[in-house]
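Here is a short report on one protein chain. Keep the viewer open while reading.

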Amino acid sequence: MTSVKFLSVLAAAALAATAAFAAPPVKEVESAKGKVLAGENDMTLYTFKKDAKGVSNCYDDCAKNWPPLMAAGDAKADGAYSIIDRKDGTKQWAKDGMPLYFWVKDTKAGDITGDGVGGNWDLAKP
């Protein structure tokens, strides 16, 4: 009986671990401009017009103000969501090839204060 319980717990843990890596850590949230993408922390995600598909051009001070949506080393791409390699060796989530970022001046879920900043930042849309 003990081994059956152990195997059940082990199977459940394996399933939970698989589910955790099956989908990107992104969801849809409502904002003043409609549905936008947000990270697991409910904070809005953005794309950078100076990026290219599969390439981030936001490093150093840019990345301090626009933290990338980082991907774990064992994360797996899923549908429109891919994982790009950053030049610093880290990995970042992208949607339709465009890297995703947070904005440090958004302070609560649904904030979209980064939209249009410098004419280079756009809300990430579902």
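## Asp42 and its loop

Asp42 sits in the loop between strand 2 (34-39) and strand 3 (46-48). Helices (H or I, at least four residues) and strands (E, at least two) are DSSP runs, numbered from the N terminus. This is a predicted model, in which local features need pLDDT of at least 70 and side-chain atom pairs count only at pLDDT 80 or more, while totals for chains, interfaces and linings use all residues. Residues are numbered from 1 along each chain as its sequence is written, and side-chain values use heavy atoms, with hydrogens and water left out.

Most residues other than glycine have a negative phi. Asp42 is not a glycine, yet its phi is positive, about 70 degrees. Its relative accessibility is 28%, so Asp42 counts as partly exposed. The classes are buried (under 20% relative accessible area), exposed (over 50%) and partly exposed (in between), with a 1.4 Å probe and protein chains only.

## Salt bridges

How many salt bridges does the structure hold? There are nine salt bridges. The term covers a side-chain nitrogen of Lys or Arg within 4 Å of a carboxyl oxygen of Asp or Glu. Asp42 forms one with Lys27, and the closest N and O atoms are 2.6 Å apart. Asp42 lies in the loop between strand 2 and strand 3 and Lys27 in strand 1 (residues 26-31), so this pair ties together parts 15 residues apart in sequence. Lys27 is partly exposed, at a relative accessible area of 34%.

Lys64 bridges to Asp61, with the closest N and O atoms 3.7 Å apart. Both residues lie in helix 2, three residues apart, about one turn of the helix. Lys64 and Asp61 are both exposed. Lys91 and Asp85 meet through their side chains at 2.5 Å, N to O. Lys91 is partly exposed at 30% relative accessibility. Asp85 is exposed, with a relative accessible area of 54%.

## Around the disulfide

The count of disulfides (cysteine sulfur atoms within 2.5 Å) comes to one. Cys58 and Cys62 form it, with their sulfur atoms 2.0 Å apart. The angle about the S-S bond is -105 degrees, and the link is left-handed. Cys58 is buried, at 0% relative accessibility.

Asp60 is in the loop between strand 3 and helix 2 (61-65). Its phi is near 55 degrees, a positive value in a residue other than glycine. Asp60 is exposed, with a relative accessible area of 63%. The charged end of Lys87 sits over the ring of Tyr59, 4.4 Å from the ring centre. That label requires NZ of Lys or CZ of Arg within 6 Å of the ring centre and within 35 degrees of the ring normal.

Strand 4 (residues 81-85) and strand 5 pair antiparallel over five bridges. Strands pair if DSSP finds at least two bridges between them. Ile84 has Gln92 in strand 5 as its bridge partner. The two strands form a hairpin with five residues between them, and Gly89 in the turn has a positive phi of about 90 degrees. Strand 5 (residues 91-95) is mostly covered, with four of its five residues buried.

Strand 5 also pairs with strand 6 (residues 98-99), antiparallel over two bridges. Here Lys95 has Met98 in strand 6 as its bridge partner. This hairpin has two residues between its strands, and Asp96 takes a positive phi near 50 degrees.

## Aromatic cluster

The structure holds five aromatic pairs. Rings of Phe, Tyr and Trp (its six-membered ring) pair if their centres lie within 6.5 Å; planes under 30 degrees apart count as stacked, over 60 as edge-to-face and the rest as tilted. The rings of Trp66 and Trp103 have centres 4.0 Å apart and planes at 20 degrees, so they are stacked. Trp66 lies in the loop between helix 2 and strand 4, and Trp103 in the loop between strand 6 and strand 7 (121-123), 37 residues apart. Trp66 is buried at 5% relative accessible area. Trp103 is buried at 11%.

Trp66 also stacks with Trp121, with ring centres 3.8 Å apart and planes at 5 degrees. Trp121 lies in strand 7, so this pair ties together parts 55 residues apart in sequence. Ring pairs link Tyr46, Phe48, Trp66, Tyr101, Trp103 and Trp121 into a cluster.
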